[in-house]
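Here are some notes for a first look at this entry. Please read them with the structure open beside you.

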Amino acid sequence: MSFSDINWAVILIALSGALILLVRDWRIAVPALLVNYIGVAIFLAQQQFLQPDLHIGSVAVSTTVLVKLITGVAATAILAITALTFSREYNQEDLDEFSLAELRRAARRAQRQRAAEPLRLADYVVPFWALALAVLASVALPRIYPIGTTNTIDFVWYWLGLVGLFTTVVASDILKVGLGLLLCASSVDVLYTAISSTVQVFPLALLGLVSITLALAVAYLSGLLYGRLKTLELNELYKR
Amino acid sequence: MAASCFVLRKQTRLVILAAFATMLVQIALVAQLPLDQPARLLGLTLNLDPLGRLFLLTFLAIGALAFLATWSVPHGEQFVPVALVILGLSGTTLLLLQEQYTASLLLGSTGLLAVLAIVDLPTGSSALVQRTTLATALKYLVLMLIAGVIMYMAFVLVSIYRPDVTPGGSSPAHLILALIVVGFGLRLAIVPFHSWLPDLVEDAAPMTTVLIVAVVNAVTLLFLISSIQFFFYPVEVIGGVENARSTLLLLAIGVVTALLGGVLALAQASLRRTIGYLLVYNAGMILFGLATLDSVGLAGALFETLNQMIIVLLLFLSIGLLERPDGRPLNVVRRDLLWRRPVAGTGLLCGGLALLGLPPFNGFAGKLLLYEAAARRGGPYLALLLLATALALLALLRLARERLLGPSEEVADEFPPLLGGTDLDRPADRRLEPEPRGMAVLIVFLLALCLGIGLYPQPLLATINEAIRGLTFIQPL
C-alpha cells in the first residue's frame with residue numbers, strides 16, 4: 001500500500017474521535033471535535049455520496065457537505081465559547097442570603113477540588129478500555145453487520161456512534177457529554193448521507209439544526225451548572 | 001408568537017393571555033383544515049387524518065388550559081415561549097408523520113427544547129436551580145438525543161432493508177427491532193428506559209411535566225403507530241403472521257412495564273414520584289394495547305392516550321395547587337391535603353382513579369378495551385394486567401391515606417395565655433389562603449370532562465374506531 005492509498009479523512013475521523021474519548025481537557029477535546037467535522041466533510045466529499053454542485057477554485061464540492069461543515073464549525077464554536085466563559089452569573093441582587101451563601105460554599109469547594117486534583121492516570125483507565133472496545137467493535141461490526149456498500153463507510157459511522165456513546169457514558173463533565181452526543185448525531189448524519197436511497201435536503205438541514213440546538217442546550221446547562229456549583233464536573237452534581 | 005412571548009416574558013399575565021389566544025386561533029384553524037388531502041411543501045408531504053386532527057385539537061386545548069393554569073400554578077420565566085415552540089413542533093410532527101426522518105428529528109428537537117423548560121426558574125426568583133433539577137434536565141437531554149439518534153438509525157436501516165434480500169448473509173431485522181424498542185422505549189418511558197419520567201415529575205414544574213407527558217409522549221405514540229403502518233409492517237419487522245416474535249416481545253415489555261410501574265409506585269414515599277410511577281404503569285398498559293395489533297387493543301391504547309392527556313393536566317394542576325404555601329415549613333410532610341385544599345385534593349384523588357381506569361371516570365372504557373384485548377391473547381396476560389392495576393390502585397390508596405385523608409393538622413388553640421403572657425405572645429395564625437377560584441373552576445371542569453367521557457365514551461370511541469379502520473397492520477379478530 002502506497003502513501004497515496006491511505007484514506008486520510010478516515011484517519012482524521014478515527015484519531016480525533018479517540019482524542020475526544022480519551023482526554024479530559026476541553027482545550028484538546030473541542031478542537032478535536034472540529035477536526036472530526038472536517039474529517040467527516042472530507043470523507044463525504046471524497047466518497048461522492050452527494051453530487052458536487054459548487055466550485056471553489058479548482059475544488060468541486062457539494063453545497064450540502066459545505067453546510068454540514070459550517071454546522072459543525074458552529075456547534076464547535078458554541079461549545080468552545082462555553083468552555084472559555086464557563087459561567088452564567090445569576091442576577092445576584094435577586095438572590096436571598098441562603099442562595100448567596102450556597103454559591104460561596106460551592107466556589108470554595110470547586111477551588112479546593114481544582115487544587116487537589118493534578119493529572120491522575122487512574123482517570124484515564126476507563127476511557128482507555130472504552131476506546132479499546134470501540135476499536136474492536138468498529139472493526140468487527142462492519143463484518144458482522146455490513147450495512148453500507150463498503151467496509152470504510154461502515155467503519156466510519158460505527159466508529160462515530162460508538163465513540164460518541166462511550167464518551168457520553170464515561171464523561172466526567174457536562175461539556176464532554178455534549179461532545180459525545182454531537183458525535184452520535186454526526187454518526188447518523190454519515191449513515192443517512194451514505195446509505196439512504198434518496199437523500200432529502202430537509203432531513204439533512206434538520207440534522208444540522210439539531211446539532212446546533214444540542215450544542216446550545218449543552219451550553220445553557222453548562223452555564224447553569226457552573227453558576228450553581230462553580231464547576232462543570234458531574235460528580236459535584238450528584239453529591240448529596 | 002413564541003418569539004414575542006420570549007421578548008415580553010417578564011410581563012407574565014400578558015404573555016399568558018397572548019399564548020391562550022394563540023391556542024384558540026390555532027384550534028379554529030385546525031378545525032377548518034381539510035382531512036386526508038396531502039399537500040407538498042419543501043419536498044415534504046403534509047397530511048392530516050381524522051385521528052391526527054382529534055389529537056391535534058386535544059393538544060391545543062391542553063396547551064390552552066395549561067397556559068391558563070400558569071396564572072396561579074408556579075412556572076418558569078420562559079415556560080410560555082418554550083411551550084409554544086414545543087406545541088408548534090408537536091403539531092408539525094403530527095402533520096409530517098409519514099416523513100419518518102423529519103418526524104424523528106422534530107421529536108428530538110422537541111426533547112432538546114423541553115430541557116429549557118425543565119431548568120426554568122420563575123421571574124425574579126430568589127432561589128438557585130436545584131441540583132436534582134439540573135441532573136434531571138441533563139438525563140432527559142442525553143436520553144432524548146440518544147432516542148432520536150436510535151430512531152433515525154432504525155429508519156435509515158428500514159429504508160435499505162428488503163426482507164427477501166439479506167446482504168452479507170445476516171438480516172438486520174433484529175437490529176432494526178432492537179433500535180425501535182430502545183428508541184421508542186426511551187421516549188415513551190417504557191421499562192427499563194423509564195427512569196427519566198419519575199425524575200421529571202419530581203423535579204420539573206407541574207405544567208412542564210404536563211407538556212412533556214401529555215403532548216410530546218402522545219405524539220411519539222402516534223408516530224410509532226404511523227411508523228408501523230408505513231415502514232415497519234411492510235418490511236415485516238413488526239406485525240404480520242410470520243413475525244409473531246416481535247409482537248410477543250412488545251407485549252411482554254408492555255406487561256413488565258405496567259407491573260413494575262405499579263410495584264415501584266407502591267414503594268415511593270414522595271407524592272410526585274408515586275404519580276410518576278403510575279404514569280409508567282399507564283405507559284405499559286398503552287404499549288400492551290398497541291402491541292396486540294388488533295382493533296380492540298389499538299382502540300384501547302389510543303383512547304387511553306387521549307384520556308391520559310386530560311388526566312395528566314388534572315393531576316398536575318391539582319399538585320400545583322396542593323403545593324402552594326400554606327404557612328407550614330416546607331419540610332413538613334402534609335397529611336391532610338384533602339381537608340386543606342378540598343378541590344385540588346379531590347382532583348388528585350379522582351385523577352388517580354381515572355388514570356387507573358376505575359368507573360365512572362374516562363379511563364374505564366379504555367382500560368376495559370385493553371383488558372378485552374389481553375383476554376383475547378390469553379388468560380395470563382389478563383391476570384398480569386389486572387395484577388398491575390391492583391398494585392397501582394394500592395399505591396394510590398396508600399398515597400391518599402398518607403397525604404390526603406389524614407387527620408386535620410389545624411388544632412385550634414384553646415389554651416389561655418400563660419401566666420404573665422398576653423394575646424400578643426401567641427404564635428401567629430397559620431396563613432391558609434383559599435384555593436384560587438379560577439383554578440378551582442378549571443379542576444372542576446376537568447373532573448366533569450373525565451366523568452362526561454367516562455359515562456358517554458361512544459363519540460370518541462367511534463372517531464378512533466373509524467380512524468384505525470384504515471390501518472393495514474391490524475390483525476383480524
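1. Where is the place of Ala117(B)? This residue belongs to helix H5 of chain B, which covers residues 100-118. Note that the model is a predicted one.

2. Ala117(B) is buried, because 25 other C-beta atoms lie within 10 Å and the cut-off for a buried residue is 20 or more. Apart from neighbours within four places in sequence, Ala117(B) is in contact with Gly76(B), Gln78(B), Phe79(B), Val82(B), Ala83(B), Thr208(B) and Leu211(B). Phe473(B) is 356 residues apart from Ala117(B) along the chain, and their C-alpha atoms are separated by 37 Å.

3. For chain B as a whole, there are 18 helices and two strands. Of its 477 residues, 55% are buried. Among contacts between residues at least 6 apart in sequence, 78% join residues at least 24 apart.

4. Helix H14 of chain B runs over residues 342-355.

5. H14(B) is mostly covered, with twelve of its 14 residues buried. Among them are Val343(B), Leu348(B), Cys350(B) and Leu355(B), as well as the glycines Gly345(B), Gly347(B), Gly351(B) and Gly352(B). The cover over the buried residues of H14(B) includes helices H11 (271-291), H12 (295-322), H13 (337-340), H15 (363-377), H16 (379-404) and H17 (437-455) of chain B.

6. Just after H14(B) comes Gly357(B), which takes a positive phi of about 80°.

How values were computed:
Residues numbered from 1 in each chain as written. Chains lettered and ligands numbered in written order. Predicted model: local features only at pLDDT ≥ 70, side-chain atom pairs only at ≥ 80, totals over all residues. Helix = DSSP H or I, 4+ residues; strand = E, 2+ residues; numbered from the N terminus. Expected span 1.5 Å × (residues − 1). Contact = placed C-beta atoms within 7 Å.
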